[in-house]
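Have the structure open while you go through them.

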Amino acid sequence: MNLNNFDELTDREWLVTNGLGGYASSTLTGANSRRYHGLLVAAHNPPTDRQVVVSKVEETVLTEQGSVSLSSNRYGEFVHPQGWQHLVSFERLPLPTWAFQVGEHQIAKTVWMVQNANTTLVSYQNRGKTAVTLQLMPLFVQRDYHSLFHQTDFYDYYIAQIKPYLKLYAHYGAQPVYWAYSGGTFVESRAWYHQFTYREEQKRGLDFVEDAYSVGYVEVRLEAGDECFLTFSMDENLLIPNPVDLRTAEINRVEALRQSQTDSFLKDLVLSANQFIVQRQSTGSETIIAGYHWFTDWGRDTMIALRGLCISLGHQQTAKRILATFFQYLDDGMLPNRFPDNSQDPVEYNTIDATLWLFVALYEYHQRFNDLAFVEQYYEQLLTILDAHQNGTRYGIHVTDEGLLYGGRGTAQLTWMDARVGDYVVTSRHGCPVEVNALWYNALKITIYFAQQLRRKPDMYGLMLRRFEKSFRSAFWNEKGYLNDVVLPGSAPDASIRPNQIYALSLPFPLLNKTDQQQILKMVETHLYTPYGLRTLSPDDPAFVAVYGGDQWLRDTAYHQGTVWPFLLGEYWTAYVRVHGDTVATRKRMNGELATLKQHFYENDCLFGISEIFDGLHPQHGRGTANQAWSVGAIIKLLTDYPARLPRTKDENTTKKLATLPD
């Protein structure tokens, strides 16, 4: 990491979360580059109704020679002030901490959140040998996290009280935000700060200029070794505890998460994984945020990510509660596709695969924890799902005469390749998508397996399974040695070379014979594999898009037309192990290839996170969301399923013991 380059530092982000869907996040320079950045982004109806409340803190060191800012902001093409030039180090663990050097003065800044509270704290410590005076000025906004704040939107920032802390109302009827400071003097000094430029929003073709408001600043003198704290909260009660105790509690929580693993990379992945597990107020239970900064909880993402974020890590109770959350929303045999950002909006059910992923997640839960009682609790609902799909449910989803699962109607996008711009459907996959049918096959197999475990009769599901098995290969096999992407009975198939076919090899109950599997894997490796993930379309395809970026049209039309997705590495390497065997050589190769994403995790984009996507042709820089749940979950699942070394046999352990005996 080059501390002497503003752009490189600003390309790197940090993120801390509160277990509610709220978070604090920005860049290493402190210059916000997204509308989603903020020191306090509160989830008022967890994990939804998120608002940016505190944008940042402007920090200034007062010296005898004058004032020196530690802050940085981008205004158009200019950066002012240039506080990043005083940054000498950044450490992510155990909490994000910056070290600044201003002459003989050394100042350390640390940011963290209180779990299960919309509360952010910032500490400033004098690590130098002489006293230093700081001027700390928070900048406030009051907006939905998808929007921007401007002076023209402003009503009035009313200060209801000043001692022992400030109680601020952005306007009449707004929820107050509380600002406490542990030392120093508050000086009221109202001012607007105009036209902060958010470069990432500019790249995305969106509005990218924002204003923020100051009600004043705190001036505090710190002797050598002294420390002061700023607390920003939506909860007045959170201002009472000692900030030192709150920091200690958060450090202990972080260390406890990391100590659950021995592998250093896995330790840090677990910390990232925990950020996605949040409370859902509507059910009083947990759910999974699909990605930071802008996603809520999606059915498909939750079921896929759950396998790595919870089940593989042995978090049984959390996994149970998340599964129970989604079972509560089962409707017409379907799980929700998405919980909306606004809690007042209806839940969306436009998905064909999220419900089928539920079977896979529940099966892997049972395999990990042997909890048949939990399976039995929901067994009848599994049958309801299968019956609804067999008989027909929303969006034309039904089982064809050939036993294949069909879905799609109008402009509705039902698979994970769901990009649409207005009425333009980018990847129309109406019909029988290959991964949906691999999931349907697994849903039938899993239901029959559960029926046997529960000593129930599988009824007609065995007949449905056999009909499917007779039809699948003849329907999907392409003579060039791979699986067609979508089959539409009575029409020519979509023969695009896409990664969806990998699911026929990677799911708990794979399809096809070993020779077919080898050919599919080879095709995927030739056309789609990169160390960052699998491409969504072969570069040889005329529709392939090499770069993801630009306005919404350009981004959405590239989203599944070549863009690389890291979460697909989980399916690829699982398929690879099945085809080539679980050997030392296989595990060594897998872990060697994962070194690319490991470097990305530690050094690029969102530090201690894995991006949602990468460019299709030359993947390197993270695109989309900065930290994606199923990206992280997939790597965790791989590292727990296939550690770097195979378990030793009894003979190998004996040999090792003998070799270490003294002569």
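1. First, a term: a salt bridge here is a side-chain nitrogen of Lys or Arg within 4 Å of a carboxyl oxygen of Asp or Glu. Bear in mind that this is a predicted model. A search of the whole structure turns up 32 salt bridges.

2. Take a look at Arg300 and Asp353, whose closest N and O atoms are 2.9 Å apart.

3. Arg456 is in the loop between helix H9 and helix H10, while Glu376 belongs to helix H8, 80 residues away. Arg456 is partly exposed at 30%, and Glu376 is partly exposed at 40%. Then there's a network: Arg429, Glu435, Asp485 and Arg498 are joined by salt bridges that share partners.

4. On to the sheet. Eight strands make an open, antiparallel sheet in the order E8-E9-E10-E11-E18-E15-E14-E13. Strands E8 and E13 are the edges, each pairing on one side only, and the twist averages 20° from one strand to the next. Helix H3 lies across E10, E11 and E18, at about 70° to E10.

5. Last, a hairpin: E19 and E20 have four residues between them, and Gly284 in the turn has a positive phi of about 65°. The two strands pair antiparallel over four bridges, with Gln279 partnered by Glu286 in E20.

Terms used. Residues numbered from 1 in each chain as written. Heavy atoms only, no water. Pairing = 2+ DSSP bridges. Axes fitted to C-alpha atoms, helices over the stretch in contact; angles between N-to-C directions. Contact = heavy atoms within 4.5 Å. Buried < 20%, exposed > 50% of the residue type's maximum accessible area, 1.4 Å probe, protein only.
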